[in-house]
Structure formats: C-alpha cells, structure tokens
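Welcome! Keep the structure open as you read.

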Amino acid sequence: MMTKQKVTLALMAVLVLGMSAGCKKKIPPPPPAAPAPLPDNTAPGPKPAIGYFSAEPTTVTVGQPSSLRWSVTDATSVKIDNNIGDVSPNGRRGVYPTATTTYHLTATGPGGTSEADATVTVSSPPAPAPIPTASQPTIQEILAKQVQDIHFDYDKSEIRGEDQAILQGDASALKTVFQMDSNFVVTIEGHCDERGSAEYNLALGDRRAAATKDALIALGVPGDKLKTVSFGKERPICTEPTEDCYQRNRRAHFSAAQ
Amino acid sequence: MRTFTLSLSFLLAVGVASAQTQQLNGVVIKGGEKPIVAVPDFRATGTTAPSLMAVFNSTVQSDLQSSPQIKFLPKTLYPLRIPQVPADLAAGEAAANARPAPTPGYRLADWAAAPANANYLGIGYGAEDRGLFVVFGYFYTTSATITDLQQAQAFGKVYTGSLDQAGAVDAAHHYAADILAQFGGQSLIGSRIVFVSNRTGSKEIWVMNWDGSDQHQITKYNSISTFPSVSPDGHIVAFTTYASGYPAIQLFSLDTNRKLPFYNQRASMNAFVSFTPDSKQVVFSSTAAGGAAQLYIANADGTGFRRLTNSGVIEVEAKINPKTGLDLVDVSGRSGLPQVYKMNMEGTDVQRLSAGTGEATNPSWSPDGTHIAFAWTKGFEPGNYNIFVMDVITRDTLQLTANEGRNENPCWAPDGAHIVYASKRGAQSQIWVMNADGTGKHPLTQTGSNEKPVWVNAEK
C-alpha cells in the first residue's frame, strides 16, 4: 500500500509540474488539484512498454541457474521482486530459485506502470517416475514392481504383522490391475525354503498361497481373480544355505495366471 | 546296550535270520553272528568267457558284500590252492594224510581253519557252450562235523547267460542270490527302482535296475514330475506332476510306459499316492475341501473319493501297511513340526510314532509291516536329516546314517534287507543303497541330481 500511495503522490507531483510548465502567463491561484487521472490514456507521455520479460530456461532443478531477461522502454524505474530490486531497463539476471518462483517486473514511467511475470519452474532431483497420465504403468509393471512378495516364518503360513503394510499395498495394486483389465487373473504362488521335506513343503506352500489369498479377499480384492498354486521347494529363488536365503524363499509370490 | 539289543532283534526281523534261516546240515550259527562266506574268483575256458569272468567275480562279490545275511570273507585270507570242481575237493580229502602235507586249499577243513575261518565256501568255473556263457557254481559248508562231501554240498547248479557282460552279470546275480537264499535272503533279481532325476533339465520320473544298471526315462513332460510311488504288483507308477499347471496325480504303466487314467479332484493339489496291498485302492493328499491337505482314499483310477482325515493341519505322505493293509503311517503337523503318525484305514486311532523332537518325515514300511524307515532331524538343525529305522511296536529306533550329508526318502527293498535312499553330499543328491542295518552303503546314480527312490517289487 505504501508503494501505491507513493506512486500516486509522485503522479500528482508530475501533473502539477507539467501544468505549471505548460502555463505561459500568470493565472489566479490554482483551484484545488484535480483528481489524479486514470493511469492509462489520460496520463501524459507513453506508458512504459515491456518488450519482453522471460526466463531461460523456464524449468530447472534445484541449484541450477535460470536467466531472467527483460527489455523495457519509456520507464523511469524498473523493479523486479523476489529481492532483486531496481534494475536497468534492459538487462539480464541469473537466479537460483529453490522452488517454483514467479518473478514480477514492474516498470514505472511518466506514462504509467506496466507489469509482467516470468515463472521459473523448479523440479526436484532426481526426476521421479513420470507421473503424466500419458504413460500409465502397464499391468505387468504393476505386478512386477508394486505387488510385492509376502514372507513367512519357518513352518508357518500366517501373515506376519510386519507384512500387513505390504499386503495392503498389494491389495490396492491388485485392485488397480483388475480395474485396468477385468479379465486379468493373478496366480499366488506359495514357496518354501529347502530345509523341510519336499512333500510337507508342497502342502505348506499351498497353505501360504491360500492364506495370502484369504487376506487379500478380506481387503476387498475379488477372490475370483486370484488363483493359488504351491511350488513347495521346487522353484527356489536362491540356494545358499543361509537364513537370508531361506527367508527369501519362504514367500507368496504373484504372477500372471497362465 | 539298548541299541545293541535292538540291532540284533532288528536284524532278526528284517533278515528273517535266525528263526527262519535254512540251516545247512545241522550247522548252528550263533544268534546275531553272521556266517562267514568265502567265494574265490572263478576262472573260465574258451576264447570269450575268460574275459567275462572279472565281471562275474566282481558282481558276485558286490552282491554278497552288500547283503546283511552274511559276512563276505576278504580274498586276501584265502588258502593258496583254489578248488574249482567237486573233484578237487575229493582229491584234497583223499590226500589228507599224505606226507608231506599238500598245499592247503583243496580240503574244506583248510577253509574252516585260521586265518580264513570260513563257514561256507563257494567254488566253480565258467565256460562257453554253443555261444552261451555257462557257469558251474557250487556251495559247501566247511563244518568239521560233516565228513561226507555229498552232504556238505548245499547246492551245485549250472547258470547260463548271453556271451557278453550282461550275461555274466546276470549269471553272477543268480549265483549270489542262490547263496543268500541259504540264509533266508530273498532275491532282488528282476526288481527295479523308480526315482526322480533332473538330468534332462527338468524333474522327470526314471527307472533303473536294482543294481543301478539300465537307467531310463519314463516321463517327458518338461515340467516338474516328482513324488513317485509304485503299486505293490509292480505294474503302476503314480507320481505328481505340474504338467497341467497344478500339482496333480498321474499314473503310468511300468509295462508299457503309457499314461493310465486317473481322475483328479478339483483341488489346488493332489499328491503322494500310496497303494493298498491289492493295488486296487489309493490313499493320497488333497486340498479338495479347502484348508490344509488331508488324506483321502479312492479307487486306483481316482473315482470313489472319500475323506479319511479331518485334522485341520497338513497331512501328507500316507503309506499303507504293505503286509496287513489295515493301517497307514503319514506325516502330520498335529503336534507342530512334521511328525510320523499311524492310524487305521478309517483315519481313526491316531498315534504319533516319532518322538516329537525335530522333524520326522518320509516314512517307509518294511515289507513285513513291523518296521518303518524314516528321515529324522532328531536333535540337529532343520534340514539335517538322517535315516532311522523304528520298530513300530516298541518305538525303538536305530540310526543308519550319520555325517554323510543330508539323507532322505528311505524305501525298503522287497527282500526286507536293503534300503534305498537319497543322499545329498554336495550340490547334487544321488540314489544310494545300503543294508537295512546301515552297512554296505554304495551309490547307484552319478548323473544330475537324483532323488525320491522307490523300490519296485518284481512284477507278480
């Protein structure tokens, strides 16, 4: 507000000066000052013209510079906000915005004020997976990346507390899959580590796949889209005799049904 | 002491040793002490036969050494002169009082004396006769109480085979079987072993002769085909295959290598078939009712499906008592980790047989239905299985393997004296065979990874 008041006062001063300069002969004491004219058209002198005010590039990552360039004529002062302040009518200035910033240029001249904006968009590094709706992940990508294995304790088929979050993520991803293709069917494979007997493990893998299916149904995934099969210990993903490998193999895994 | 007593009674049971042993001419073998048998190398006449005798001799020695009924006398302890025909022995007896004493060997007494101390002597020779390989094989007791050579001779037989290695092996198996039959040993000749091998790149069902020869592939599904079992009549192999995408039961004729009909219940798994002694019914595990796999009984083609167990926990590996057909053992999670249980054919009168410690799995009945062999981790880490034998009545156990890798899937031979099993002593599992007392272990396979052996009765 202060700035506007100052501008108004300045304008009035300019008018008074102009009027007194225009008079050749003495006249009686002036009447009260006329109201300030509207900034455009009525103001004497041309309004400042902003040739251009641009940022190049318009999109940067944090820490990268963008160059503001402008060209203004008929202005007595040119200001840019965001702590840049007064600048010359023609110029350029490097900026390092940390977030998307719109720079506001104000050119003030005898004929009035002109304003322009230039926006620098800041993206955060590294660029995340493209969100644009143009490239939705495919069903296969969702199955491979978003539907994660559920893991189990030795000789157990109950879903553990720490796997509940994974299960919920799987449920929402599977719902997305079935929304994308109502005919798609997912197979839940039950697997075991190599230590138990192959025979017992076939039945144990069956329990793990079934327990996973039941838990997903409870989370709203349509059960008729889920098949189960046990591979016991016939299809391990690793064969080292370590607890880490045993744990990786005690799992329910999701694949596209044949 | 307990183990010792058990091993004695166990040997009596499986070897059909003392009580039923056909004692030769009043020779008494003290209980539990194995008779010592000497069989020197046979020689042959002709052009081809001599080269086959090495095969014949090594096969006889292998068969006798891998038998729990006798102790095979090391050849280094044999007397210097080797009799080949009964006439040699007759000459030896005649020269008994000659001066100076003849080089020992032609008298039966020479074989009974130290250092040989043999109780029995097998002699003979090979020859060619009209394009056939012929062996004359004799067997004598060395007992000093029998002075008549005729009486001392247990048998004398002629064995013929083709004039090649196979013929020599065949003749040797028959001669060794005749010797073992003197001590209650049942011949394994003609019996085969079905097993699983991945040597083609995927698990398929294979079959071989009981001595490891003639290994050939039965299934070609390029899937996972495993868990074989065989009907007691020796005609049908049942297994579980993923050929249709889900573990399902499949039957093959061992006579024609062709698929036989089997109706699989709609279930996420049907597996682990055991035949009744008459080969007309099967018990297997199925998830047909949902929940954990339970035992069901059905006709041999899968029809007439009826539930046996309703435990709510995993029930796998049913094995019907091959002698009585009145009860079965299985592996169940009723008490937590898998244990061996016994129940009747209605699924009731359930008793746990294994001790409850560790994991007990892979039960296999002895042919007489008195013992089971099984794999047990006992006090060891999960997966560290060894083969044990249990007297089903007393629950006494005897450990047959130790510090020899992971040992699983024991299966009794039809003679009740041998056990075939899978031993993993590195990256690959192989099929091994041993005497039912844990002695005489030797491998039958070398190529690929081989597992889940099942001994097939010679076809009846």
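Predicted model: local features only at pLDDT ≥ 70, side-chain atom pairs only at ≥ 80, totals over all residues.

Chain A contains 5 helices and 12 strands, and the contact with chain B draws on 18 residues from chain A and 26 residues from chain B.

**Chain A as a whole**

- Chain A has 258 residues, and 29% of them are buried.
- If you take the contacts in chain A between residues at least 6 apart in sequence, 66% of them join residues at least 24 apart.

**Where the two chains meet**

- On one side of this contact are 18 residues of chain A, and on the other are 26 residues of chain B.
- On the chain A side, helix α4 (198-218) and strand β11 (226-232) each supply at least two of the residues that touch chain B.
- The largest share of that side comes from α4(A), which gives 7 residues.
- Sorted by class, the side of chain A that touches chain B holds 7 charged, 6 nonpolar and 5 polar residues.

**Two cis peptide bonds**

- In chain A, the peptide bond running from A:Glu56 to A:Pro57 is cis, and its omega is near -5 degrees.
- You can find A:Pro57 in the loop that links β1 (49-56) and β2 (59-61) of chain A.
- In chain B, B:Ala114 and B:Pro115 are joined by a cis peptide bond with an omega of about 5 degrees.
- Look for B:Pro115 in the loop between α4 (108-112) and β4 (120-129) of chain B.

**Two residues with positive phi**

- B:Asp214 is not a glycine, yet its phi is positive, at about 55 degrees.
- This residue, B:Asp214, sits in the loop between β8 (204-209) and β9 (216-217) of chain B.
- Is B:Asp214 buried or exposed? B:Asp214 counts as exposed because 10 other C-beta atoms lie within 10 Å, and the cut-off for exposed is 12 or fewer.
- B:Phe272 is another residue other than glycine with a positive phi, here near 65 degrees.
- B:Phe272 counts as buried because it has 30 C-beta neighbours inside 10 Å, and buried calls for 20 or more.

Technical notes:
Residues numbered from 1 in each chain as written. Chains lettered and ligands numbered in written order. Contact = placed C-beta atoms within 7 Å. Helix = DSSP H or I, 4+ residues; strand = E, 2+ residues; numbered from the N terminus. Nonpolar A, V, L, I, M, F, W, Y, C, P; charged D, E, K, R; others polar.
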